[in-house]
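Welcome, and please have your viewer ready. We will go from one selection to the next and look at what each one holds.

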Amino acid sequence: MSLQIYNTLSKQKETFVPMNAPQVNIYICGPTVYDLLHIGNFRGPIFFNLVRNWLEESGYKVKFIQNYTDVDDKIINRANQENTTSEAVAEKYIHEHKKDYSALEIRKADHMPRVTEHMDDIIQIIQKIIESGHAYVAPDGEVLYSVRSFNGYGKLSHKNIDELQAGIRVEVSEKKKDPLDFTLWKPSKPGEPTWSSPWGPGRPGWHIECSAMASSLLGSTIDIHGGGIDLIFPHHENELAQSEGATHTTFVKYWVHWNFLNFGAHKMSKSLGNVKTARSFIEQYNAEILKYLMLRAHYRSLVDFSEEGIQDAIHGLARFYSAMSVAESIVLQNVSGQEVAEFKSLIDKTRSEIKSSLDDDFNTPKVFAALFEVVRFFNGKYKRGQKVTPQVAYMAKEFLLLMKSRGDLMSLFQHEPESFLKSLDNMLMIKKGIKREEIDALIAKRVEARNSKDFKTSDQLRDQLVSMGISIQDTPAGTYWEISK
Ligand code: AMP
Ligand code: ZN
């Protein structure tokens, strides 16, 4: 089966056929740079990192663009509050965004254009829209898009134009010929950033920037346009009306929208004040936990940001890294491997399951389920401290190869397993209020009791550890412990 992608426009999964294979052009709406970004803002980039990698692995050549919105009321307000210019605010937060992006350890976009670099393109596309009869100029120089002039308005968000009309507040505006019409260009107020234009000095409305940047950098039709579901209406509906109004050709082949990261019952959002910045999350936990937290849910499902969810994600990652750390310790023993047919067929089956899951609208939960199957099998075949047979050596090597190569698609599972596992365990221990030294001391006491055949004490110590959430494995080579769920 070839790649199927859910298209918001048709509300169904469609076979992916790009305009000019093998080239695939992707544009996603990026951040407004007026503050540090919260972790919800990174759900899209984390998901699209996988989309891009998967398309490349599938033989496509991908051009991936994410913009910066550096002209916006929020930036202007921030500049006023801080007694500085909006250029300075944007510059500062673009810099901070780049730092967060690097800390996240995902691939950078091929290009991150700024609105201010594309003013000529914005003016040109507005001119085209006016020429096509889809926009008009108000007496004060504001340019408005005439929503009812565009036949397909509402087709992306599946909204009926008359319902829309009924749903909006009718503004008292002499400028607007119709309350649905929206701004393409407006005169700047004193002190606001301003550019000269055929309609007088002013600045662009929000929606036009993406139409202009997407077409000037990627052409009239782009293969994939992404954004959070909050952008379907009005932002993407308006982008579509603008671009198709200007070019009379399909703007986007596949509209891909990721769902929210929620905090309790609400979308994590700066304006609701319920945010955790990516920076503080990465400081407190790490980037891998954030990526795993996002990707273990399907991109079209909600992700809940909760303490329980985070702990659960750490446990899941620790299960992977624990098996990887065992495998690594086996590989380091340099025993030459001997093929195990059963394991080889499990790995082959897993690879093909991962392929079909990703081809099925990027079904990442199924990818992790398939990988967990292999972890379970591998854990069942070998316990720490046992003798490494050629069969075990083979399985360990193949298991690691699988984890690294499939993990790479999602920018996961590339850390040195033992030390990374330790850092995950430390987080779980903090949550349980226990210390590593305390556990090591209890284990040592128990080993002593066992050596002196004092099984009563040894059992008591085991019970004590279990009640602390620690599970123990006695092997010929010693006792190992893990944090249980
Ligand atoms: P903004 O700066 O609010 O325009 O958002 C930038 C990008 O982050 C957009 O693509 C939004 O759809 C996305 N976004 C914002 N909040 C969330 C959230 N809580 N969950 C997922 N995506 C979000
Ligand atoms: Zn946009």
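Which exposed residues does the face of α4 turned away from its buried side carry? Bear in mind that this is a predicted model, then select residues 119–131, which form helix α4. On the face turned away from the buried side you will find Asp120 and Glu131, both exposed.

Keep α4 selected and check its length: the 13 residues reach 18 Å from the first C-alpha to the last, close to the 18 Å expected at 1.5 Å a residue. Now show the side chains of Met119, Ile122, Ile123, Ile125, Ile126 and Ile129, which are buried. Look down the axis of α4: the buried residues fall within an arc of 165°, so they line one face of the helix.

What covers those buried residues? Before moving on, click Gly133, which follows α4 and has a positive phi, near 85°.

Next, select strand β3 (residues 23–28) and strand β4 (residues 61–66). The two run parallel and are joined by six bridges. Pick Val24 and you will see Val62 of β4 standing opposite.

Finally, zoom out and colour by domain: domain 1 is 4–132 + 146–168 + 204–258, domain 2 is 305–417 and domain 3 is 434–483. Between the C-alpha centres of domain 1 and domain 3 there are 56 Å.

Definitions and conventions: Residues numbered from 1 in each chain as written. Chains lettered and ligands numbered in written order. Predicted model: local features only at pLDDT ≥ 70, side-chain atom pairs only at ≥ 80, totals over all residues. Heavy atoms only, no water. Helix = DSSP H or I, 4+ residues; strand = E, 2+ residues; numbered from the N terminus. Expected span 1.5 Å × (residues − 1). Buried < 20%, exposed > 50% of the residue type's maximum accessible area, 1.4 Å probe, protein only. Arc of directions from axis to C-beta. Pairing = 2+ DSSP bridges. Domains from an automatic or database assignment.
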